[in-house]
Amino acid sequence: MTIAAISSIPLIMTLGNSMLIPILPRMKSEFDISQFQVSLTITVFSVTAAIFIPILGYLSDRFSRKAIIIPALFLYGIGGLLAGFASSAFSNAYIWVLIGRALQGIGAAGTAPIAMALTGDLFKGSEESKVLGLVEASNGFGKVLSPILGSLIALLVWYGVFFAFPAFCVVSIILAWIFIKEKEKKKEPPPFGKYVKGLLSVFKHEGRWLFTAYLAGATCLFTLFGILFYLSDILEKNHQIDGVKKGLILAIPLLVMCTTSYITGAKIGKRQRLMKILIVVGFLFMTISYATLAFFSRLIPFISILTLSSVGTGLVLPCINSFITNAVGKERRGFVTSLYGSVRFLGVAIGPPVFGRLMGWSKIGMFMSIAGLTFVVGLLALTMIRVNQKDKEKNPNKLGRNTLTDQDINDLLPSGGNII
């Protein structure tokens, strides 16, 4: 039940964007707004979350994970209610929807990234990798479920998706309140100044591979939500597919990604060398898929080739999650995982508007540009991410090169507080 409670948190966060994908064309016509304006309902949510994630990550290190997660879920639900009531009753609903989405973004900032840190706190060794795989699979399952749910709810009333958010939040709040039991902190958290100096030391010594890992996660989410935005648009314009059928089609690549994430998380254990191989292979799959998609328009071949990129994303994300979660000790884990959450949200934020602009430019140019991006990021992962030379499975409790403990950080900080 603890794992179910933790997994429900990223599931709620995922619904915030994916459930809106099927109704974006309807929202555009109801509000009489442009393609760019409708994409802002995704972007505002994600940018707001990206800004607040590091703040809430620090607070979760300072106090406790639950003390941030539960109020964040409340705020998430309130933002959904505001957007729903505005859409149903206000004449200038669009601006109120954006405000509601911004509130939801602040709430989302206290969900999935902190759930990753909480997993690192409560589970160790290969069990931690399995739970992180479940967390990413839950994230993916939310993406699978949301377009179908969004399409079903829109059959009743298109803005009903906004009212669904608080209902899901209540379930997650109850699970988190009852079943997540955090360990009591044995010592006081470090003063803010020392905390910041410790973080600077982390990025000074581990910055190259850590930023590469951040970029990899952001690229996966950027391409995923960008392609969903593109697919949602062409299903209606080119294939006249709407409603539940559209939601089911959107769910196909997401289901492949979700399944791959679950299997990857269950198998990788603490083997960093295997993780790095899977990251590079994942980006190779994404590159091949996007480059090939440029030359296909028929729906069945298009979806079939697109699933290859979903397999690639499912290989990359659980491995990146494991690297990031083990980058530092518990006292700073919340901030480091939250910063990772920020860049993931930024990837989500820029995906729809960038793809929207590229769609108006050239289909071949769009897919070749995205393929070039995934190829470059794969090369960076190959050259920048370093792994421990020893087999992690033989000694799963031994920290690898990509882990800087709080004792390491304290050793780097002399009594005067100056970073070496």
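Start by selecting aspartate 32, which sits in the loop between α2 and α3. Helices here (H or I, at least four residues) are DSSP runs numbered from the N terminus. This is a predicted model, where local features need pLDDT of at least 70, side-chain atom pairs count only at pLDDT 80 or more, and totals for chains, interfaces and linings use all residues. Residues are numbered from 1 along each chain as its sequence is written, and side-chain values use heavy atoms, with hydrogens and water left out.

Back to aspartate 32: its phi is near 55°, a positive value in a residue other than glycine. With 70% relative accessibility, aspartate 32 counts as exposed (over 50% relative accessible area; buried is under 20%, partly exposed in between, with a 1.4 Å probe and protein chains only).

Now colour the helices on either side of that loop. The axes of α2 (residues 24–31) and α3 (residues 35–62) come within 10 Å and cross at roughly 120°. Axes are lines fitted to C-alpha atoms, for helices over the stretch in contact, and angles run from 0 to 180 degrees between N-to-C directions. That makes α2 and α3 oblique to each other (under 35 degrees is roughly parallel, over 145 roughly antiparallel, 65 to 115 roughly perpendicular, and the rest oblique). Show side chains next: Leu24, Met27 and Lys28 in α2 meet Gln35, Val38, Thr41 and Ile42 in α3. Contact means heavy atoms within 4.5 Å.

Next, pick α1 (residues 2–18) and α8 (residues 160–179), whose axes come within 9 Å and cross at roughly 155°. So α1 and α8 are roughly antiparallel to each other. Among the residues making this contact are Ile9 and Ile12 of α1, plus Phe165 and Phe168 of α8.

Last stop: glutamine 240, in the loop between α9 (192–237) and α10 (243–268). Its phi is near 50°, again a positive value in a residue other than glycine. At 61% relative accessibility, glutamine 240 counts as exposed.

Methods. Helix = DSSP H or I, 4+ residues; strand = E, 2+ residues; numbered from the N terminus.
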